[in-house]
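Please keep the sequence and the model at hand while reading.

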Amino acid sequence: MDAKKTIFSGIQPSGDLTLGSYMGAIKNWVELSNDYNTYFCIVDMHAITVRQDPASLRKRAISQLAQYIACGLDPADNTIFIQSHVPEHAQLSWVLNCYTMFGELSRMTQFKDKSAKNADNINAGLFTYPALMAADILLYQTDLVPVGEDQKQHVELTRDIAHRFNTIYGDVFKMPEPYIPKVGARIMSLTTPENKMSKSDKDPGGCIYIMDKPEDIMRSFKRAVTDSDTVVKFDPVNKKGVSNLMTIYSTATGKTLEETENEFVGKGYGDFKIAVGEAVVELLRPIREKADDLMKNKDYLVSVYREGAERASKDAYRTLRKVYKKVGFVER
Ligand code: TYM
């Protein structure tokens, strides 16, 4: 038996990967991956809860796969796959829908936010989204779910669903824990630092994408919103913009927030913003170059997602089978 504990996490290909998803999630996936048995998913089924352009969705899923690998996830050691290729996700999700309460789903912050943003398309999938996410996690008997702060509520609901199911049927699901980084769990927009940096928001300049070119990254950081003060000091209540830039700098360089404060004593915001921009350019440069290279080798990417789906499906089926039996479905 594999003695390693299990990690599952995923990102929606509803937009290009951002610096936020890198710092809040992928960076930690890479750091933890050696010590865990890992599943990293491209959750395209979640993405269609908001209307997508089919050609772009398909393209982004492949490009996201290339970016996962370029960030340092070796497909030989990590199971990397596309959610819609593993039918067990939809199958378990239906069962879990029947163990998830209307009231629980109504309280989800992401549902409330997305309903407000997509008032003309508040579909049932958007509402039951967390049951699909619970299926993603619980299928693999996951121990740890590395995510940014905004996904904590969904992981907590997953635990409630698992607990409810286990209480009725015995220990079917492992109880997963969220893993939220101390620094970088909530990267904010560079232009409106009271809002989260988000791949699906139309916020030119506010969002940095992993595949952005150095000149675009520098331009966005030079224009980043700060405040009328002049001191580089971490104070996320009163100095949102500067604190966000400090978080980004600290996550990109590995320096602590205190070291960052000390480094910029007596220097103006202009110098500081350039230093943050340069740190991010250097962080993302090798990733972009590797992803660009991988995108030239479509056959390789196809082989990775096919193999990933095969491995994932085999493991997922074990849990699904147990669940079907427990709820009283007749074996085929
Ligand atoms: P998604 O696609 O919105 O975001 C992917 C991951 O990136 C993190 N993240 C951020 N972290 C810090 N600052 C930000 N500005 C920022 N923006 C995004 C998110 O917290 C997340 O970890 N429902 C999930 C996808 C999902 C999933 C799962 C995750 C589906 N099934 C199972 C874990 C396990 C989502 O919408 O993430």
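In which loop does Lys182 lie? Lys182 lies in the loop between strand E5 (177–179) and helix H9 (214–222); helices (H or I, at least four residues) and strands (E, at least two) are DSSP runs, numbered from the N terminus. This is a predicted model, in which local features need pLDDT of at least 70 and side-chain atom pairs count only at pLDDT 80 or more, while totals for chains, interfaces and linings use all residues. Residues are numbered from 1 along each chain as its sequence is written, and side-chain values use heavy atoms, with hydrogens and water left out.

**The ligand and its shell**

- The ligand is surrounded by 28 residues, and the closest are Gln12, Tyr129, Asp136, Asp150 and Lys199; a residue is near a molecule if one of its heavy atoms lies within 4 Å of it.
- The shell around the ligand divides into twelve nonpolar, eleven polar and five charged residues. In this scheme Ala, Val, Leu, Ile, Met, Phe, Trp, Tyr, Cys and Pro count as nonpolar, Asp, Glu, Lys and Arg as charged, and the others, Gly among them, as polar.
- Strand E1 (5–11), helix H1 (19–33) and helix H7 (124–139) each supply at least two residues of this shell.
- An N or O atom in the side chain of Gln12 is 2.8 Å from an oxygen atom of the ligand. A polar contact is a pair of N or O atoms within 3.5 Å; within protein, one must be able to donate a hydrogen and the other to accept it, and residues adjacent in sequence count only if both atoms are side-chain atoms.
- The side chain of Gln151 has an N or O atom 3.0 Å from a nitrogen atom of the ligand.
- A polar backbone atom of Met197 is 2.9 Å from a nitrogen atom of the ligand.
- The ligand taken alone exposes 700 Å², and the protein buries 97% of that; accessible areas come from the Shrake-Rupley method with a 1.4 Å probe, and for residues only the protein chains shown count as cover.

**The cavity**

- Rolling a probe the size of a water molecule over the atoms shows where empty space is left.
- The structure holds one cavity of 30 Å³ or more. On a 1 Å grid over the protein atoms alone, a cavity is a set of points where a 1.4 Å probe fits but cannot get out, and lining residues have an atom within 4 Å of a point.
- The largest cavity contains about 40 Å³ of space; grid points are joined across faces, edges and corners, and a volume is the space filled by probe spheres set on the points.
- Its lining consists of Met108, Gln110, Phe111, Lys114, Leu126, Tyr129, Pro130 and His154, which divide into five nonpolar, two polar and one charged.
- Helix H6 (109–117) and helix H7 each supply at least two residues of this lining.

**Two glutamines in loops**

- Gln52 is placed in the loop between helix H2 (44–47) and helix H3 (54–70). Gln52 counts as buried because its relative accessible area is 17%; buried means under 20%, exposed over 50%, and partly exposed in between (1.4 Å probe, protein chains only).
- The side chain of Gln52 reaches the backbone oxygen of Ala47 at 3.0 Å and makes a polar contact with the side chain of Arg60 at 2.9 Å.
- Gln141 lies in the loop between helix H7 and strand E4 (144–146), and is partly exposed, with a relative accessible area of 21%.
- Most residues other than glycine have a negative phi. Gln141 has a positive phi of about 50° although it is not a glycine.

**Separations along the chain and in space**

- Lys182 counts as exposed because its relative accessibility is 88%. Lys182 and Gly24 are 158 residues apart in sequence and 9.5 Å apart in space, C-alpha to C-alpha.
- Thr230 is in the loop between helix H9 and helix H10 (240–253), and counts as exposed at 54% relative accessibility. The C-alpha atoms of Thr230 and Gly268, 38 residues apart along the chain, are separated by 6.1 Å.
- Ile217 lies in helix H9 and is buried, with a relative accessible area of 1%. From Ile217 to Val280 there are 63 residues in sequence and 7.7 Å in space, C-alpha to C-alpha.
- Ala135 is found in helix H7 and counts as buried at 0% relative accessibility. The C-alpha atoms of Ala135 and Asp271 are 47 Å apart, with the two residues 136 residues apart along the chain.

Definitions and conventions: On a 1 Å grid over the protein atoms alone, a cavity is a set of points where a 1.4 Å probe fits but cannot get out, and a pocket is an open set with protein on both sides within 12 Å along at least five of seven lines; lining residues have an atom within 4 Å of a point.
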